[in-house]
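This report goes through salt bridges, packed helices and surface patches. Please look at the sequence and the fold before reading on.

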Amino acid sequence: AEKVARAEGMTFHGERVKADVATLLPMMVHQLGEPADPYGVGVYLVSKLASRHVKVVLSGDGGDESFGGYDRYLGQRLVDYYCLLPASLRRRVMPRLVAAIPETFQYKSVAQRLAWLQSMSEVSGAARYARALGVLRFTAEERGELFHPDAVRSLTDADTLGKVTRWFDAPNVPEIVDRMLFTDLMNRVPDHNLVMGDRMSMACSLEVRSPFVDPRVVEFAASLPAGLKLKGRKLKYLLRRVAARYLPPDVVRLPKQGFGFPVGLWMRRDLKPLVEDRLGNSQLVAAGVFRPEPIARMVREHMDGQVDHSYRLWLLLNLEIW
């Protein structure tokens, strides 16, 4: 970001973030009105920084979903290649090999990527994409373990898969790449990205405009061949070609960068007392919504460095505060 600012003659403002963001959680959850994943912290803090200097900003929300910018779009092809391995090898041998790789708790670690590949190979079609959207959070099997049966029976709409298949299997979207983009545009963008951006920025008295979700831009992108969005292994191909007119070449070639924090490492250090206290004395367990054993297991595995449960624990922590 600083390199782009220098290249374009703009003023750059930076701020180093520390693990004490946990002290902001109650206020953030209150402003959002619902639990948030770590992305919400980033949106709030960058909005707070920007609000000291300007009143209106532009955001890139919707660019990845219209022009093919997420790793999971490319990952679906890699899973198809992985599925060429004999089924017995994938089901019996590979899970043990994947489990043996140590977790570094870094963004897109080798352990996370291989675990993702293995998990995606177990399903196909809309079910695979639904799993890809929630792999850092809770799969259907994990939700089945987490929720108390009585709580599940009390729900009027527990069909999370249907919220994905409705769009993924739409008859007017023939290309697999466009099926994923369409699902995200109709689901993730309005229910996650824009909600988070709007409420977190408004909490800082900042106005956000999102040009990539202008209907004319979305409709134009939808009319383009899928090969102009995901070309070979190049994500966001057309948008990068346009960006090359204005931005330094090494910036244009950068791989996708996650907008997050080292939450997994923080939870094993600075935030460890908070996580263990809140989740060890869960109000939702006491209320009969969650079962205590899966939560205790996730906390133990994360603190022992066995599995990176940072997203799942963060959601549970947010839910407890909410």
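D250 is partly exposed, with 33% relative accessibility. Partly exposed here means between the two cut-offs: buried is under 20% relative accessible area and exposed is over 50%, with a 1.4 Å probe and protein chains only. The model is predicted: local features need pLDDT of at least 70, side-chain atom pairs count only at pLDDT 80 or more, and totals for chains, interfaces and linings use all residues. Residues are numbered from 1 along each chain as its sequence is written, and side-chain values use heavy atoms, with hydrogens and water left out.

**Salt bridges**

What does D250 pair with? The side chains of D250 and K3 meet in a salt bridge, at 2.6 Å from N to O. K3 lies in helix α1 (residues 2–7) and D250 in helix α16, so this pair ties together parts that are 247 residues apart in sequence. Helices are DSSP runs of H or I with at least four residues, strands are runs of E with at least two, and both are numbered from the N terminus. K3 is partly exposed too, with a relative accessible area of 38%.

A salt bridge means a side-chain nitrogen of Lys or Arg within 4 Å of a carboxyl oxygen of Asp or Glu. In general, side chains of opposite charge can pair when their charged atoms come close. The whole structure holds 19 salt bridges.

| Pair | N to O distance | Places | Sequence separation |
|---|---|---|---|
| K3 and D250 | 2.6 Å | α1 and α16 | 247 residues |
| R72 and D184 | 2.8 Å | α5 and α12 | 112 residues |
| E145 and R297 | 3.5 Å | α9 and α20 | 152 residues |

Are R72 and D184 buried or exposed? Both are buried. R72 has 14% relative accessibility.

K236 sits in the loop between α14 and α15. K236 is buried, with a relative accessible area of 18%. Its backbone stands out as well: phi of K236 is near 50 degrees, a positive value in a residue other than glycine. S205 is another non-glycine residue with a positive phi, of about 60 degrees. S205 is in the loop between α13 and β2 (207–209).

**Packed helices**

R72 belongs to helix α5. Which residues does R72 touch? Leaving out residues up to four places away in sequence, R72 touches W116, Y129, A132, L133, M180, D184 and R188. Contact means heavy atoms within 4.5 Å.

Helix α8 (residues 125–134) is mostly covered, with seven of its ten residues buried. Those buried residues are A126, R128, Y129, A130, R131, A132 and G134. They pack against α5 (71–82), α7 (110–120), α9 (140–146), α11 (162–168) and α12 (176–186).

Helix α12 is mostly covered as well: eight of its eleven residues are buried. The buried residues of α12 are V177, D178, R179, M180, L181, T183, D184 and L185. Their packing partners are α4 (63–67), α5, α8, α11, α13 (188–202) and α14 (215–223).

**Surface patches**

Which residues form a positive surface patch? K231, K234, R241 and R245 do. Patch residues have over 30% relative accessible area and no salt bridge; like charges are joined within 9 Å, and nonpolar side chains (Val, Leu, Ile, Met, Phe, Trp, Tyr) within 5 Å. Lys and Arg count as positive and Asp and Glu as negative, while His and the chain ends are not counted. A charge is placed at NZ of Lys, CZ of Arg, CG of Asp or CD of Glu. R245 is found in the loop between α15 (237–243) and α16 (249–252). R245 is exposed, at 64% relative accessible area.

L78, Y81 and L84 make up a nonpolar surface patch with about 380 Å² of accessible area together. Accessible areas come from the Shrake-Rupley method with a 1.4 Å probe, and for residues only the protein chains shown count as cover. L78 is in helix α5 and is partly exposed at 39% relative accessibility.
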